[in-house]
Amino acid sequence: MSYEVELKHIEKYFGSFKAADDASFGVEKGQLAGLLGPSGSGKTTLLRMLAGLEQPDKGDIWIAGRRGNKIPARERGIGFVFQNYALFRHMTVRDNLAFGLRVQKVDDHIIKVRTDELLELTGLTAVAKRYPQQLSGGQRQRVAFARALAPNPKVLLLDEPFAAIDAKVRKELRSWLREAIHNLGITSLFVTHDQDEAVEVADKIIIVNKGRIEQAGSPVEIYQSPQTPFVADFIGE
Ligand code: ADP
């Protein structure tokens, strides 16, 4: 099978602590995958290595048919949505979306067209002139999503995308994000420790425990046939 994103036998140490232990998995083109596991199991570290924000000590990273280990972060074609969204507080919504394109010296007219498109896609046109602190949690998440999409990445990575969202609107946002990602057809990988979230949102679930991949498969596969004692225990069997 050919994957759009693949990690092969990745190892990562922080000092003597092994944060990734022979971790291998793949995500197909257009698939929305979820890394699921307890807090501290190494999910974010895997995401950060894919994005080029951390370097693996061993193993290979493949992105869209290219060996990614040595490709600088900004050239990997990856969009990243950080857990706390990391929006620029002193910039309007529109300027947050335009920022990366301005840095790349994209033509002003093209920036205007692209930001209009992203505002429309995320339903933020009416709040384009507001600042992040004037938005709801859900709106902030959508700004972070739109900003990550601005340079047209091949792959989108999202670290705990619903963690900062009110429980009341979380469900609504989960289905919104799932639909938006599928409509765009962009290969995506998100991190969560919430089983309901993984089952509701992901096409494929990758179970992480102590830096190891315990099992990867569709939600049905995982829940009907857990393959390791950890997975069976984790999903409450
Ligand atoms: P998760 O996303 O599953 O909660 P992380 O990938 O954030 O887990 O962290 C896995 C482990 O690696 C944790 O024990 C964490 O403390 C450790 N860790 C993560 N990043 C660093 C770092 N930069 N330096 C030292 N330890 C780290």
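This is a predicted model: local features need pLDDT of at least 70, side-chain atom pairs count only at pLDDT 80 or more; totals for chains, interfaces and linings use all residues.
Leaving aside neighbours within four places in sequence, which residues is Leu157 in contact with? I looked, and found Leu47, Leu50, Ala51, Ile78, Phe80 and Leu189. Contact here is C-beta atoms, placed from the backbone, within 7 Å.

Residues are numbered from 1 along each chain as its sequence is written.

**Core.** Next I checked the largest nonpolar core, which has 59 residues. Such a core is a set of buried Ala, Val, Leu, Ile, Met, Phe, Trp, Tyr and Cys residues joined through C-beta atoms within 7 Å. Buried is 20 or more other C-beta atoms within 10 Å of a residue's own, exposed is 12 or fewer, and partly exposed is in between, with C-beta atoms placed from the backbone. Leu157 turns up again here: along with Leu50 and Ile206, Leu157 touches the most other members. Helix α4 (residues 137-149) gives the most to this core, 6 residues. Domain 1 (1-77 + 153-237) and domain 2 (87-152) both contribute, so the core lies between them.

**Domains.** Those bounds come from an automatic or database domain assignment. I get 25 Å between the C-alpha centres of domain 1 and domain 2. Their contact takes 8 residues from domain 1 and 7 residues from domain 2.

**Sheet.** I then traced an open sheet of 4 strands, order β2-β1-β4-β5, with antiparallel pairing. Helices (H or I, at least four residues) and strands (E, at least two) are DSSP runs, numbered from the N terminus; strands pair if DSSP finds at least two bridges between them. β2 (17-27) and β5 (66-67) are at the edges with a single partner strand each, so one side of each has no neighbour in the sheet. Strand β1 (residues 5-14) pairs with β2 over 7 bridges, and Leu7 stands opposite Phe25 in β2. Helix α1 (residues 43-51) packs on this sheet, touching β1, β2 and β4 (58-63), and its direction makes about 115° with that of β1. That angle is between N-to-C directions on a 0 to 180 degrees scale, using lines fitted to C-alpha atoms, for helices over the stretch in contact.

Asp22 lies in strand β2 and has a positive phi, near 50°, in a residue other than glycine. I find Asp22 partly exposed, with 14 other C-beta atoms within 10 Å. Lys210 also isn't a glycine, and its phi is positive at about 50°. Lys210 sits in the loop between β9 (204-209) and β10 (212-217).

Methods: Two residues are in contact if their C-beta atoms, placed from the backbone, lie within 7 Å.
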